[in-house]
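This briefing covers salt bridges, a surface patch and a pocket. The entry under discussion is shown below.

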Amino acid sequence: MSAVAQRVSAASARTWPTFRLGNAGTAALSLTVGVLVWELLGRVFAVPFFPPFTDVVATLVQMVIQGDILGNLAISLSNLVLGFGISLTLGIVVGTAMGRYWRVKAALGVYVYALLTAPSLVFAPIFFSIFGAGQGSIVAVVVMYSAFVMIINTASAVENVPTSLTEMARSYGASEWQILWRIVLPAALPTMMAGIRLGTGRAVLGMINGEMFIAVIGLGRLVTQAGKSFDGAAVLAVLMVIIVVALGAVGLVQLVDRKLTSWVPETSREKS
C-alpha cells in the first residue's frame, strides 16, 4: 500500500467527537437560530411591519407593564377552556358512538365531514345572530374549529380496535357498557389523543378568530387594535403570547396523554 493510501486510510479511521442533542436541545437550538434570523432580517430590511425581535420583546414588556396583556389573556383563556371542554365532550361521545355503531355513523357522518371541511368562520354571523356579541359566540366558533376533527379521529380509533378483543370480552359475558368502558376506549385512547392534540391547536385558532371578528375582546381585540394603528411590533408581541398559549395547551394535552397511556410501549408511542 502506498504512503498516500495509508494516509487516506488513517484519516478515514480517525474518530471525530460527536455531539448529540435531545429533543429539548434541538428545539432550543432551533428557536435560537430562528430568533437570530428574525433579528438579522429585521435590522437589515428595517420595514415597519417586521421589526427586529428585540423591539417586539420590548413592546411586549411595555404592554405587560401597562396591563394590556394579563387581563385580556384571562378573557381569552376562559373562552378557550370553555370551548375546548365542550369540543372534547362532543368529540369523545359522538366519535365513540360513530365508531361503535354503524347506524350512528351513517346518520351523522355526512354532517360531521361536511362541517369539518366547511370554513368555520362563515358560521360567525349565525352565531352572532343567535348568541349576540359575547362569550357565547366565541365559544361556538371554538367548538366549530375543534370538535369535528376530534369526532372523526375518535370514530376512526374506535373502529380500529381489534375485533378479537371485543369478541373475547363478549364470550366471557361482558355487557356492552363493560366492553365499551374497559376494552374499546382504553384500546382506542392512544389514537384518540392524537386527534385531541389536533383539536387543541384548532381551538386556539378559533378563539383568536372569534375574538377578532365577533366580540372584539381578549387577545383578539389587541391584535385588531394594533393592526388598525399599523403597529407591527404590537401585533407580533400579541402573536408571541398567542403562540405561547397554543404551545402550553398542546404541552398540557401531551402531559395528560403520557399519564393516560403510560402502558403503551415507547416505540409504539413514537410511531403513532
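R170 is partly exposed, at a relative accessible area of 43%, where buried means under 20%, exposed over 50% and partly exposed in between, with a 1.4 Å probe and protein chains only. The side chain of R170 meets that of E176 in a salt bridge of 3.7 Å, N to O. The model is predicted: local features need pLDDT of at least 70, side-chain atom pairs count only at pLDDT 80 or more, and totals for chains, interfaces and linings use all residues. Residues are numbered from 1 along each chain as its sequence is written, and side-chain values use heavy atoms, with hydrogens and water left out.

**Salt bridges**

- The count comes to 6 salt bridges, each being a side-chain nitrogen of Lys or Arg within 4 Å of a carboxyl oxygen of Asp or Glu.
- E176, the partner of R170, is partly exposed at 31% relative accessible area.
- K105 and E159 form a salt bridge with their closest N and O atoms 2.7 Å apart.
- This pair links distant parts of the chain, 54 residues apart, with K105 in helix 5 (residues 102–117) and E159 in helix 7 (residues 135–159); helices are DSSP runs of H or I with at least four residues, numbered from the N terminus.
- K105 is partly exposed at 31% relative accessibility, and E159 is partly exposed at 39%.
- R43 and E39 form a salt bridge at 2.9 Å between the closest N and O atoms.
- Because R43 and E39 are 4 residues apart in helix 2, about one helical turn separates them.
- E39 counts as buried, at 18% relative accessibility.
- A network of salt bridges links E39, R43 and D55.

**Nonpolar surface patch**

- L29, V33, V37, L40, L41, V44, F45, V47 and F50 make a nonpolar surface patch of about 790 Å².
- Patch residues have over 30% relative accessible area and no salt bridge, and nonpolar side chains (Val, Leu, Ile, Met, Phe, Trp, Tyr) are joined within 5 Å.
- V33 lies in helix 2 (residues 23–45) and is partly exposed at 44% relative accessibility.

**Largest pocket**

- The largest pocket has a volume of about 360 Å³; a pocket is an open set of points on a 1 Å grid where a 1.4 Å probe fits, with protein on both sides within 12 Å along at least five of seven lines.
- Its lining, residues with an atom within 4 Å of a point, has 18 residues, of which F84, L88, I196, V253 and V256 lie nearest the centre.
- Helix 4 (70–100), helix 9 (176–215) and helix 11 (232–260) each give two or more residues to this lining, and helix 11 gives the most, with 7.
- The lining has 16 nonpolar, 2 polar and no charged residues.

How values were computed
Patch = residues over 30% accessible without salt bridge, like charges linked within 9 Å, V, L, I, M, F, W, Y side chains within 5 Å. Areas by Shrake-Rupley, 256 points an atom, 1.4 Å probe, with all protein chains shown as cover. Points joined across faces, edges and corners; volume = space filled by probe spheres on them. Nonpolar A, V, L, I, M, F, W, Y, C, P; charged D, E, K, R; others polar.
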